[in-house]
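Visitor: I would like a close look at one part of this model, the pockets. Please go through what lines them.

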Amino acid sequence: MTTATTHEGDHHDHGPATGLMRWVTTTNHKDIGTLYLWLSFIMLLTGGAMAMVIRAELFQPGLQLVEPQFFNSMTTMHGLIMVFGAIMPAFVGLANWLIPMMIGAPDMALPRMNNWSFWILPFAFTMLASTLFMEGGGPAFGWTFYAPLSTTFAPDSTDFFIFAVHMMGISSVMGAINVIATILNMRAPGMTLMKMPLFVWTWLITAYLLIAVMPVLAGAVTMMLTDRHFGTSFFDAAGGGDPVMFQHVFWFFGHPEVYIMILPAFGIISAIIPTFARKPLFGYSSMVYASASIAILSFMVWAHHMFTVGMPVAGELYFMYATVMISVPTGVKIFNWVTTMWRGSMTFETPMLFAIGFVVMFTIGGFSGLMLGVAPVDTQYHDTYFVVAHFHYVLVTGALYSIIAAFYYWVPKWTGHMYDETLGKIHFWWSTIAVNVLFFPQHFLGLAGMPRRIPDYSVQFSEFNMISSLGGFAFGLAQVFFLYIVIKTIKGGEKATDIVWEGATGLEFEQLASPAPYHSFNTAPEIK
């Protein structure tokens with residue numbers, strides 16, 4: 001008995017950990033959210049530096065800066081780091097910060113697991129990056145790591161890449177379990193599912209997607225590993241396997257994955273637009289059902305990434321119709337956001353600018369995606385720069401813009417400091433002009449037939465590539481400027497008021513995000 005008491009007393013004497021140990025051992029959802037957001041920013045700048053290498057090499061035709069093998073490593077690592085290192089951890093960080101606050105919970109349901117699921121990631125990404133310094137170079141098979149490029153013809157460093165992917169997947173699954181447990185078990189009394197803010201809803205749906213598809217990715221890389229070292233032939237035609245099966249397995253993970261990277265963005269935009277339009281979100285329940293139907297349909301469209309593998313026409317037709325169908329719930333969302341803004345008393349603070357930028361440019365990405373969903377069109381544009389332009393409009397001006405918008409929108413609540421509004425607006429316009437100069441010409445390159453993932457190209461593509469590269473450098477610089485804004489805000493901007501956007505709206509902004517109790521507002525509330 002006595003020893004037990006002594007130990008307990010000892011425990012209390014230490015008090016909370018300070019300095020570095022506070023961050024290593026923290027179970028506080030806000031600390032962990034902050035860690036995720038900083039990791040994702042570091043990864044954004046790392047992946048962005050790789051993109052700068054790519055655009056510098058493509059600035060003019062001819063091989064000038066890097067070896068083709070290293071160029072392929074850059075395209076591969078850029079994709080992997082941006083998807084698994086920048087976009088996904090940023091959304092998990094936002095989930096950690098916001099979900100407990102939005103549902104009235106004291107913390108996440110599983111705080112120790114929360115800490116672990118974060119701390120796996122820096123080691124996973126260090127391991128992934130270390131492959132660049134190994135014999136034979138880093139992975140150079142594209143972020144989709146198709147067999148046999150990643151099995152028969154890949155350097156030894158591929159095994160480290162496989163282990164890193166496993167670790168990221170473990171982290172994602174643990175994070176998803178935590179989100180589901182928190183949302184289903186820890187809502188405040190009276191917070192029914194249909195009263196939750198849409199950010200919470202989109203994350204609940206995203207978490208189910210993660211749990212469903214991450215094991216599929218783990219299976220794909222495990223089959224790669226056994227093909228490489230244990231004599232199996234899952235993807236080796238010589239042993240009775242099929243390289244096309246790899247694409248089926250990969251895209252059965254990969255297509256829901258692209259919705260994992262955009263659904264939380266829908267939740268963010270659904271919180272921001274009502275605030276600055278001073279109206280409750282139009283069609284709350286239709287937004288919930290649209291998000292759920294996108295998630296369900298996302299499992300039924302994977303082979304639209306594979307129209308050129310020689311599948312039967314019946315298969316092409318099925319995947320084409322299913323893909324076109326998934327654009328319907330997405331269209332519902334765009335319609336609802338525009339209708340929320342319609343006749344609202346809008347003001348254009350930085351979060352709203354990024355939100356409107358999201359709606360406009362995500363829609364451009366959606367339309368090019370609809371084109372690529374049509375089999376005969378895709379047959380022509382598959383593996384050209386048109387595809388690159390399409391998914392960068394969805395992931396940069398879609399997912400990344402929503403993350404930046406979320407930062408500007410919630411950072412006063414996180415830090416107690418307002419960001420510098422003038423600098424925020426400069427960041428928006430600088431980024432938006434640059435990102436369109438960067439990616440819009442790539443549509444024309446693709447339509448003219450320039451293949452993706454090549455270090456050198458035919459001379460007729462040189463002007464558009466030069467324009468694209470200049471836009472790329474400008475966009476990269478804009479994100480360094482954003483880093484300056486972030487640090488300036490954290491170190492102490494103007495003090496934020498209790499109700500941050502009170503200048504913008506008579507309602508507290510969380511209330512606007514959760515429209516259910518406020519249906520009585522038929523018109524916009526008066527501006528104070």
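Guide: In what follows, Ala, Val, Leu, Ile, Met, Phe, Trp, Tyr, Cys and Pro count as nonpolar, Asp, Glu, Lys and Arg as charged, and the others, Gly among them, as polar. The model is predicted. By that division, the lining of the second largest pocket holds 24 nonpolar, eleven polar and three charged residues. The lining comprises 38 residues in total, and the pocket has a volume of about 800 Å³. Nearest its centre lie A51, H78, M82, H392 and F439. The helices that each supply at least two residues of this lining are α3 (29-57), α4, α14, α15 (421-447) and α16 (462-492). Of these, α4 makes the largest contribution, with nine residues.

Two or more lining residues come from each of α4 (68-103), α8 (243-260), α11 (313-341), α12 (350-372) and α14 (385-415). Here the most is given by α12, with eight residues.

Set side by side, the two lists of elements both include α4 and α14. In the second largest pocket the leading contributor is α4, whereas in the largest pocket that place goes to α12.

Definitions and conventions:
Residues numbered from 1 in each chain as written. Predicted model: local features only at pLDDT ≥ 70, side-chain atom pairs only at ≥ 80, totals over all residues. Heavy atoms only, no water. Helix = DSSP H or I, 4+ residues; strand = E, 2+ residues; numbered from the N terminus. 1 Å grid on protein atoms, 1.4 Å probe; cavity = no way out; pocket = protein on both sides within 12 Å on 5 of 7 lines; lining within 4 Å. Points joined across faces, edges and corners; volume = space filled by probe spheres on them.
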